[in-house]
Amino acid sequence: MAEKAKIDLFDSTLRDGSQALGISFSVSDKIRIVELLDELGVAWIEAGNPGSNPKDLEFFRKVAAMQLSCARLVAFGATRRKDSSCADDPNMAALLEAGTDAVAIFGKSWDFHVKEILHATKDENLKMIGDTIAWFKEKGKTVIFDAEHFFDGHASDPAYAMACLETARDAGADVLVLCETRGGALPWEVERVTRIVVERFPGIPIGIHAHDDGGMAVANSLVSVNAGATHVQGTLLGFGERCGNANLSTIAADLALKMDRDVLNGKSLERLYTLCRAVAEVSNVSVPSGTPYIGDGAFAHKGGMHIDGVLKNPASFEHVQPAAVGNERRLLTSEVAGRALIFRALQRIAPYVDRNDERTSALVGTLKTLEAEGYQFEGAESSFELVIKRNFGSWHPYFNLVHYQTTGNHPVADPHSPETHMAVVKVSVNGSAGIAAAEGAGPVNALDKALRKVLESFYPSLRSVHLTDYKVRVLDSRSATASKVRVLIESSDGERNWTTVGVSRDIIQASWLALSDSIEYKLMSDGIVPPTEHTAHGA
Ligand SMILES: CC(=O)SCCNC(=O)CCNC(=O)[C@H](O)C(C)(C)COP(=O)(O)OP(=O)(O)OC[C@H]1O[C@@H](n2cnc3c(N)ncnc32)[C@H](O)[C@@H]1OP(=O)(O)O
Ligand SMILES: CC(=O)C(=O)O
């Protein structure tokens, strides 16, 4: 089998990524991200700008001892200043002190910037580029030259933009990177210009560094590869200066799965989802659900016709298999679902019901009616499973509510006590009555405690259950305090998590519905057989 063409991925999460709104890494965050990126298999990690701040310099000192499996660390900085020599330039001294084998040096390649920003002549700028690269080559460094604003520069004065690259090459640069710094170029222009450069500079790797201001960073990176670039810069999750950099997770998957390139030094793309989540966690950002390949929505099917198609053949609505990038398929329960989804759920609970049975259609109707009332079962599939159970077969509730009551004490007698409320819950289980009271930090907390207290004597396994999340959403805020609310409760027993939902104009009642579903779901999934006494569910 022919070997795949190799593309070097160059991740700048720790440098350009740290120029993004809201991002700030500690030294230990940076070290963790280096480990994760190396585990993923990128070729280069641009780990900071040592001339910028003491934290980056401290990081480079600490990271020097790290053993990496395939990635090489790069320190980033500018060419020497206009009126200084390399030996006297503090930024260059800091780059040297960083101690990496490789440096990325950015220099201007747009005549407009040379004049307006550097206040230098075109010749002076060429000297800054040439001197800096030659100086680092003398010190034995691998030098990656980032030609800042290359595409704008090429549009303005192509001969000068090319002269910047020629100067860098002649000074010994190992890679020439074409930077689409303003992020506004369109793919056909990027492809055309990259091709010209690739033809003009045979034998030296050409790279692309694209920003996303026009939403084209990934496309511009891919067309550049199509035109012969072999080095692609970006940030794993796409964050960076302004609108961000080319999203390397998308690019890695596109190059590997669509363009048949080797991008991760032989490591598996199947770790992509997990490693991106880990980088997001350290960066304190969430991955938007619609992120290609690694978003939770990337393989989530919601429309009934889509679910039907995917169940018949996943290729109908999935461009690649989710497992290829470590993601998974999700089928969402909602008002836009149809019989295909419901039938699938029914097969587990009432396998005797056919897809074309009128009971299947009736259950689709129930789902749509409940969602119209304010329920949202997407993410709270446990509650919908209970809806199915209650509608089919010989379902018996695990308990019947006789009544509950909550009271609040304001002002509280002891301002240091978190327990401001009390709840009493009375239930009957298979004809036996039980009653319990509990105090809590608010009425729902007290209700939750009292419900579990009264039921634990009947069902001891409930002792392991605790709530891990509680969310309230006001559904029609124009009704002010009479608004309907939706309560979502996430529960855990240490092994499994599940989410249940309740809707009412009374927030305590909505919470009760979600709480009692949570308890019933736990008992049902433990395989506990409900008593046969049959009465209505809930209050
Ligand atoms: C396109 C990119 O993303 S390039 C990377 C940009 N990243 C950053 O700016 C983050 C890190 N930067 C910093 O910490 C600071 O800007 C520093 C420490 C590097 C420099 O700080 P200061 O010297 O106080 O200058 P300041 O940031 O205000 O201005 C930038 C200076 O760099 C000069 N400069 C800009 N690009 C270059 C270049 N490619 N080569 C040489 N000098 C340059 C500017 O002309 C300006 O100098 P001037 O004041 O003599 O006109
Ligand atoms: C080097 C760089 O970050 C840019 O040109 O955008």
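I started with what covers the buried residues of H14, and the cover includes helix H13 (339–349) and H15. For contact I used C-beta atoms, placed from the backbone, within 7 Å. Helices here are DSSP runs of H or I with at least four residues, strands are runs of E with at least two, and both are numbered from the N terminus.

Housekeeping: this is a predicted model, where local features need pLDDT of at least 70 and side-chain atom pairs count only at pLDDT 80 or more, while totals for chains, interfaces and linings use all residues. Residues are numbered from 1 along each chain as its sequence is written, and chains are lettered from A and ligands numbered from 1 in the order in which they are written.

**H14 itself**

Which residues of H14 are buried? I found Thr360, Leu363 and Leu367. Buried means 20 or more other C-beta atoms within 10 Å of the residue's own, exposed means 12 or fewer, and partly exposed is in between, again with C-beta atoms placed from the backbone. Down the axis of H14, its buried residues fall within an arc of 60 degrees, so they line one face of the helix; the arc is taken over the directions from the helix axis to the C-beta atoms. On the face turned away from the buried side of H14 I noted exposed residues, among them Glu358, Ala362 and Glu373.

H14 (residues 358–373) has 16 residues and should span 22 Å at 1.5 Å a residue; its end C-alpha atoms are 23 Å apart, which agrees. The expected span is 1.5 Å times one less than the number of residues. Just after H14, Gly374 has a positive phi of about 125 degrees.

The bounds come from an automatic or database domain assignment: domain 1 is 8–267, domain 2 is 300–391 and domain 3 is 400–525. Domain 2 and domain 3 have C-alpha centres 28 Å apart. Their contact takes 11 residues from domain 2 and 13 residues from domain 3. Helix H15 (residues 381–391) gives the most to the domain 2 side, with four residues.

**Val285**

Where does Val285 sit? I placed Val285 in the loop between helix H11 (272–283) and strand E9 (300–301). It has 15 C-beta neighbours inside 10 Å, so Val285 counts as partly exposed. Val285 and Leu237 are 48 residues apart in sequence, with their C-alpha atoms 9.4 Å apart.

Technical notes. Two residues are in contact if their C-beta atoms, placed from the backbone, lie within 7 Å.
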